[in-house]
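Me: I would like to learn how to read the features of a fold. Could you take me through one, step by step?

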Amino acid sequence: MPASAPKAGSHPAAPARSWPLSSTPATEFFPHVAQEVAGLLTECARGRVRAVRGLTVITDRLAVPIGARCRIHTRHTDRIEAEVVGLSEGRALLSVFGEATGIAPDDRVECLSGPPRVPVGFDLFGRVIDGQGRPLDGRPAPWLNVRYPLYNDAPAAMYRRPIDQPLALGIRSMDALLAAGRGQRLGIFAGTGVGKSVLMGMICRNTAADVNVVALVGERGREVREFVEKQLGPEGLAHSVVVVCTSDEAPALRVRACYHATAIAEFFRDQGLDVLFMMDSLTRVAMAQRQIGLAAGEPPTAKGYPPSVYALLPRLLERAGRTPRGSITGIYTVLVEGDDLDEPLSDAVRGVLDGHVWLSRALANRGHYPAVDVLNSISRVADDVTDAAHRQAVVRLRRVLAVWSDIEDLVSIGAYVPGANVDYDVAVQTRAAVTAFLQQDRAVRTTFEESATALQQLAQVCERAAEDPRASARAAGKLESRRDTARAEARGSIGK
């Protein structure tokens with residue numbers, strides 16, 4: 001790792017200029033140059049437009065590979081860029097990076113490059129860029145000295161390191177009950193309006209990762225600035241890179257933006273840093289790929305998604321992980337249609353990820369934030385990154401939450417009888433403390449150690465409540481007293 005690069009475990013400040021080429025060892029720099037040379041085209045490939053279907057342009061006599069970037073020269077001197085997304089019967093299918101307005105038959109098409117590569121570097125700290133790497137924050141273009149493959153291969157299975165170190169996300173309910181590991185891939189599943197953006201901003205500000213790479217794909221334009229300025233804030237942006245592609249941009253650009261952000265995360269990982277990669281949302285990436293696939297003639301499957309969507313998911317998600325150099329911890333939001341966690345896309349994503357967090361609309365409607373539904377969420381690496389005491393506390397608290405879920409309706413209608421069941425009594429007695437533990441104000445920051453300590457203390461309270469029947473009886477007496485008071489007040493209001 002270069003001596004002038006930020007050390008792992010500390011938040012790198014946003015530098016005024018990226019590290020020069022001399023800071024990159026020759027053993028690492030020259031392979032990048034060799035890959036650049038190998039990817040160059042040895043001859044200029046040209047073709048002509050034959051047909052246009054929506055945002056898909058069909059050309060002939062254009063011998064180019066999938067993923068190559070092309071430029072269409074229209075008769076009005078406009079230059080429209082596109083990417084090759086398919087080949088069929090000697091013709092190339094191009095998806096344009098904008099509107100197809102102005103493209104006419106026999107317009108000239110030329111290939112600009114072979115397999116695409118994107119510029120990366122430390123000068124991206126604190127920047128907001130679009131899906132093609134152009135700055136959106138009004139500042140000069142970043143000074144970047146390395147190019148990474150846009151469509152890179154995922155790390156080999158035996159090259160990956162075990163996930164055995166926790167990564168603090170700064171969210172008490174997640175760090176305590178759904179502990180994440182360095183290199184894990186976690187999904188946040190939710191419907192609309194339940195606090196995904198606020199949760200993402202809290203994680204970016206509070207995480208222990210060295211750098212955040214945030215991909216906002218398919219978002220409304222109004223929400224982008226709001227997220228950067230309010231949810232992320234100057235503190236979170238200082239050690240973050242934000243890649244933006246709004247919903248009004250072409251589907252090819254939206255797909256490209258998610259790969260561009262992933263390539264940036266891979267660069268920081270290869271510098272020895274622990275990267276937190278967040279994508280909002282994976283659903284809109286899949287929708288963009290659906291548009292491309294259907295326009296290219298692919299057959300639709302469940303929910304209209306073509307086979308290329310289900311091929312894209314593992315190819316994209318597997319690029320996150322932990323290697324001997326560093327780690328990429330991926331957090332991907334999934335917009336669930338109709339709050340149905342079992343809809344086809346959500347089910348396919350859950351099968352690839354290492355865990356999922358479900359944000360409950362019922363909790364959000366009660367003002368319970370973050371609206372994490374612990375019982376319907378899981379982290380598959382939690383046992384590997386926590387100690388025995390932590391795991392026992394998790395089991396104890398999840399049992400209390402499960403019991404409360406079973407008896408909540410009984411308590412609401414007054415059918416619960418104190419003293420009939422010890423587990424019921426513990427769930428009722430500790431309900432206020434458990435709720436306070438799971439809720440967290442957006443301005444509150446917690447460390448992993450603080451969350452683990454608070455969890456174990458709460459588990460001890462639950463244990464004492466189960467072992468001390470007198471405490472349970474006192475709680476029952478207080479509950480009955482409150483009920484009698486409520487009944488008296490109700491009778492008085494009815495009498496009036």
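Me: Among contacts in the chain between residues at least 6 apart in sequence, what share joins residues at least 24 apart?

Reply: Glad to start there! A contact means heavy atoms within 4.5 Å. In this chain, 73% of the contacts between residues at least 6 apart in sequence join residues at least 24 apart. Before we go on, note that this is a predicted model, where local features need pLDDT of at least 70, side-chain atom pairs count only at pLDDT 80 or more, and totals for chains, interfaces and linings use all residues. Residues are numbered from 1 along each chain as its sequence is written, and side-chain values use heavy atoms, leaving out hydrogens and water.

Me: How many helices and strands does the chain have?

Reply: There are 15 helices and 17 strands. They are DSSP runs, numbered from the N terminus: helices are H or I with at least four residues, strands E with at least two.

Me: In what order do the strands of the closed barrel run?

Reply: First the general idea: strands of a sheet pair through backbone hydrogen bonds, either parallel or antiparallel. Two strands pair if DSSP finds at least two bridges between them. Here six strands form a closed barrel in the order S1-S2-S5-S4-S3-S6, with antiparallel pairing. From one strand to the next, the twist averages 45°. As an example, S1 (residues 46-53) and S2 (residues 56-60) are joined by five bridges, and Arg53 stands opposite Thr56 in S2.

Me: How do helices H5 and H6 pack?

Reply: Two packed helices are described by the angle between their axes and the distance between the axes. H5 (residues 251-270) and H6 (residues 282-295) pack at about 135°, with axes 8 Å apart.

Me: Which peptide bond next to Ser281 is cis?

Reply: Most residues other than glycine have a negative phi, and most peptide bonds are trans. The bond joining Asp280 and Ser281 is cis, with omega about 5°; Ser281 sits in the loop between strand S13 (274-280) and H6. The Tyr369 to Pro370 bond is also cis, with omega near -10°.

Me: And is Glu89, with its positive phi, buried or exposed?

Reply: Buried means under 20% relative accessible area, exposed over 50%, and partly exposed in between (1.4 Å probe, protein chains only). Glu89 has a phi of about 50° and, at 80% relative accessibility, counts as exposed. Asp106, with a phi of about 75°, is partly exposed at 39%.

Terms used
Axes fitted to C-alpha atoms, helices over the stretch in contact; angles between N-to-C directions.
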